[in-house]
Amino acid sequence: MRTVLVTGPGGAGRTTVAAATALASARDGRRTLLISADAVPAFPAGAEPAEVAERLDCARIDSAAHFRGELLELQARASGVLDLLGANRLDGEELTELPGSAQLAVLHTLRRAAEGDWAERGYEVLVVDLPPLTDALALLALPEQLRRYLRRLLPRERQAARALRPVLAQLAGVPMPAQWLYEAAARKDAELAAVQALIEDGATTVRLVAEPGQAGQEALRSARTGLALHGLRVDSLVATRVLPRHSADPWFADLAARQEKCLDHWHQEWAPGTSVRETAHLGREPRTAEDLALLAESCAPDDRAAGHAGDPWWTEDTGDGVIAWCLPLPGAVKEDLKLVRRGDELLLTAGPFHRIVCLEPALRRCTVSGAALTDGVLRVRFTPDPALWPRTS
């Protein structure tokens, strides 16, 4: 399934472009599903996929309903412990969603589209309207992070000792974690793995939406590094609300000239792997299906941008017994980079973006001997540790 993740700076028309992209895909003859947490003009607002046009369905993410359902299910599973503590049960009517629940609702919806009940409907293209740029990058990194937390807090090897829990419970005088806790962790890990596989799939790309100007340019410059850090591929940059190039009005002519200067910079900065598209300013906010149809002409998904799945980094043999671990980080600044080696993991920080990478087996037997940022590529030098490498005769 081809997946297009749409995001961009707030206020740039991200949701409108996502809807126009889905409409263009359906017009190309592919069964398409649009997922959005925001209202889309002229589109239904139900939580289940509903038909918008021929070959096009739309589903609205209901984060409040998802939060209530998850918490009530957890309360039911932990009923034994709650009764022992004398806790009062919560009713669904009194539950209001907490910060962070919207992100989990998006992940849950993506899981349904990837391998859940929605996947059985035969969608060929999935268009996802993500939150604004910074929040979207944090959201896309969340499955990998949560899976790591689950492995650290509830490692699988602990399950081997579940036969001792009744004895430990008698010695401690309190009930030990029940089997349902490990089963719930395994179930959540499988759900997160499905979402992570969807994000990292070669047929998944990111579509950036920005209005040409100083604010959009600065936001994209910072986000480009974060996208590369997490190995997210950008298929196109959609410039919205582009004014006519020529105007008799001096004010409009000056604004159009500044937009054109920004667009020229984007064409140079994002080429050759990313196409820069333009959508004309309609003179009004898009409100109808006819407005979306006008924008859809410039928003068809670009299948040529879909590449091979896999991690963005690679290793090089420098010839002096040192292995260079390479990661492309376009737009990164040396002063904003931080590297920490902790056991078998490498903690990377590039400005406001963070990622923890599990090292390959060969690099685990090495020590970090240096790092350098050259031509937008971070190279970390690993020197083999004689104490960890097998001896040769």
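Helix H5 contributes the most to the lining of the second largest pocket, with eleven residues. The structure is a predicted model. The second largest pocket holds about 630 Å³ of space. Its lining consists of 27 residues, and those closest to the pocket centre are Glu-144, Gln-145, Arg-148, Arg-355 and Ile-356. Two or more lining residues come from each of H5, H7, strand E12 (345-350) and strand E13 (353-358). By class, the lining of the second largest pocket is made up of twelve nonpolar, six polar and nine charged residues.

The largest pocket contains about 950 Å³ of space. It is lined by 31 residues, with His-66, Glu-70, Leu-74, Leu-104 and Lys-188 lying nearest its centre. Helix H2 (63-77), helix H4 (101-115), helix H5 (133-153) and helix H7 (179-200) are the elements that each supply two or more residues to this lining. Of these, H7 gives the most, with nine residues. The lining of the largest pocket comprises 19 nonpolar, five polar and seven charged residues.

Two aromatic pairs were counted. In the pair formed by Trp-251 and Phe-252, the ring centres lie 5.1 Å apart and the planes meet at 90°, so the arrangement is edge-to-face. Trp-251 has a relative accessibility of 55% and therefore counts as exposed. Phe-252, at 39% relative accessibility, is classed as partly exposed. The other pair is formed by Trp-313 and Trp-325, whose ring centres are 5.6 Å apart; their planes stand at 40°, so this pair is tilted. Trp-313 lies in the loop between helix H10 (289-296) and strand E9 (314-317), whereas Trp-325 belongs to strand E10 (residues 323-328); the pair, twelve residues apart, links distant parts of the chain. Trp-313 and Trp-325 are both buried.

A charge is also placed over an aromatic ring. The charged end of Arg-224 sits over the ring of Trp-270, at 4.9 Å from the ring centre.

Gly-370 is located in strand E14 (residues 366-374). Its relative accessible area is 23%, so Gly-370 is partly exposed. Leaving aside residues up to four places away in sequence, Gly-370 touches Arg-379, Val-380 and Arg-381. The C-alpha atom of Gly-370 is separated by 9.4 Å from that of Ala-324, and the two residues are 46 residues apart along the chain.

Definitions and conventions:
Residues are numbered from 1 along each chain as its sequence is written. This is a predicted model: local features need pLDDT of at least 70, side-chain atom pairs count only at pLDDT 80 or more; totals for chains, interfaces and linings use all residues. Side-chain values use heavy atoms; hydrogens and water are left out. Rings of Phe, Tyr and Trp (its six-membered ring) pair if their centres lie within 6.5 Å; planes under 30 degrees apart count as stacked, over 60 as edge-to-face and the rest as tilted. Buried means under 20% relative accessible area, exposed over 50%, partly exposed in between (1.4 Å probe, protein chains only). Helices (H or I, at least four residues) and strands (E, at least two) are DSSP runs, numbered from the N terminus. A charge sits over a ring if NZ of Lys or CZ of Arg is within 6 Å of the ring centre and within 35 degrees of the ring normal. Contact means heavy atoms within 4.5 Å. On a 1 Å grid over the protein atoms alone, a cavity is a set of points where a 1.4 Å probe fits but cannot get out, and a pocket is an open set with protein on both sides within 12 Å along at least five of seven lines; lining residues have an atom within 4 Å of a point. Grid points are joined across faces, edges and corners, and a volume is the space filled by probe spheres set on the points. Ala, Val, Leu, Ile, Met, Phe, Trp, Tyr, Cys and Pro count as nonpolar, Asp, Glu, Lys and Arg as charged, and the others, Gly among them, as polar.
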